[in-house]
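Dear colleague,

Please find below the structure that I am handing over to you. My notes on what was found in it follow directly after.

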Amino acid sequence: MSNPRQLMALLALLLAAVAQAAPPIPPGITEVQSTDIDAPADDLAPLADIVGQADVLGIGESVHQSAGLERARVRLAAHAVRELGFRRVAAELSWVEGRQV
């Protein structure tokens with residue numbers, strides 16, 4: 001496919017497919033609206049019901065080195081401390097990140 005018009009048409013189709021509405025979020029999954037630590041915490045309210053009376057809250061991710069996921073994890077941890085009464089935070093970090101702490 002070396003024709004520039006064909007490449008542009010394929011790119012337009014791919015962009016249109018990506019731009020379609022996302023599928024609905026399945027029950028039991030909560031969408032986080034922002035990774036900004038200073039954002040309103042309304043979207044984090046379900047966390048209180050999820051953690052209940054737990055003494056330990058584990059926050060992890062399946063993909064490392066993603067800035068968006070790291071910011072979301074920081075926001076969740078800050079909310080857990082500020083609003084839910086958690087007093088200890090443990091984080092899984094890479095060797096490089098751990099040495100920076």
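Which element supplies the largest share of the lining of the largest pocket? That element is H3, which contributes 4 residues. Please bear in mind throughout that this is a predicted model.

**Confidence**

The mean pLDDT of the chain is 77, and 69% of its residues reach 70 or more. Among the elements, H2 has the highest mean pLDDT, at 87, whereas helix H1 (residues 4–19) has the lowest, at 65. Where pLDDT is low, the predicted coordinates should not be read in detail.

**Overall architecture**

The chain contains 4 helices and 0 strands, in the order α-α-α-α from the N terminus on. Of its 101 residues, 13% are buried. The chain exposes about 8,300 Å², of which carbon and sulfur atoms supply 59%. Among contacts with a separation of 6 or more, 55% join residues 24 or more positions apart.

**The largest pocket**

The volume of the largest pocket is about 360 Å³. Its lining comprises 16 residues, and those closest to the centre are Thr30, Val32, Leu47, Ile59 and Leu76.

**Helix H3 and histidine 79**

H3 has 18 residues and reaches 25 Å from its first C-alpha to its last, close to the 26 Å expected at 1.5 Å a residue. The buried residues in H3 are Ala72, Arg73, Arg75, Ala77, Ala78, His79 and Ala80. The partner against which the buried residues of H3 pack is helix H2 (46–51). After H3 comes glycine 85, with a positive phi near 85°.

Histidine 79 deserves a separate note. This residue lies in helix H3 (residues 67–84). Is histidine 79 buried or exposed? Its relative accessible area is 9%, and because buried means under 20%, histidine 79 counts as buried. Leaving aside residues up to four places away in sequence, histidine 79 touches Ala41, Leu44, Leu47 and Leu84. One of these, Leu47, is also listed with the residues closest to the centre of the largest pocket.

**The loop between H2 and H3**

Glycine 52 is located in the loop between H2 and H3. Its relative accessibility is 40%, so glycine 52 counts as partly exposed. Although glycine 52 and leucine 84 are 32 residues apart along the chain, their C-alpha atoms are separated by 9.4 Å.

Leucine 57 is placed in the loop between H2 and H3 as well. How does leucine 57 count at 23% relative accessibility, and what does this residue touch? Not counting residues up to four places away in sequence, leucine 57 touches Val51, Ala80 and Phe86. Of these, Ala80 is one of the buried residues of H3. Phenylalanine 86 is 29 residues from leucine 57 in sequence, and the two are 8.1 Å apart in space, C-alpha to C-alpha.

With kind regards

Methods. Residues numbered from 1 in each chain as written. Predicted model: local features only at pLDDT ≥ 70, side-chain atom pairs only at ≥ 80, totals over all residues. Heavy atoms only, no water. Helix = DSSP H or I, 4+ residues; strand = E, 2+ residues; numbered from the N terminus. Buried < 20%, exposed > 50% of the residue type's maximum accessible area, 1.4 Å probe, protein only. Contact = heavy atoms within 4.5 Å. Areas by Shrake-Rupley, 256 points an atom, 1.4 Å probe, with all protein chains shown as cover. Expected span 1.5 Å × (residues − 1). pLDDT = per-residue confidence, 0-100. 1 Å grid on protein atoms, 1.4 Å probe; cavity = no way out; pocket = protein on both sides within 12 Å on 5 of 7 lines; lining within 4 Å. Points joined across faces, edges and corners; volume = space filled by probe spheres on them.
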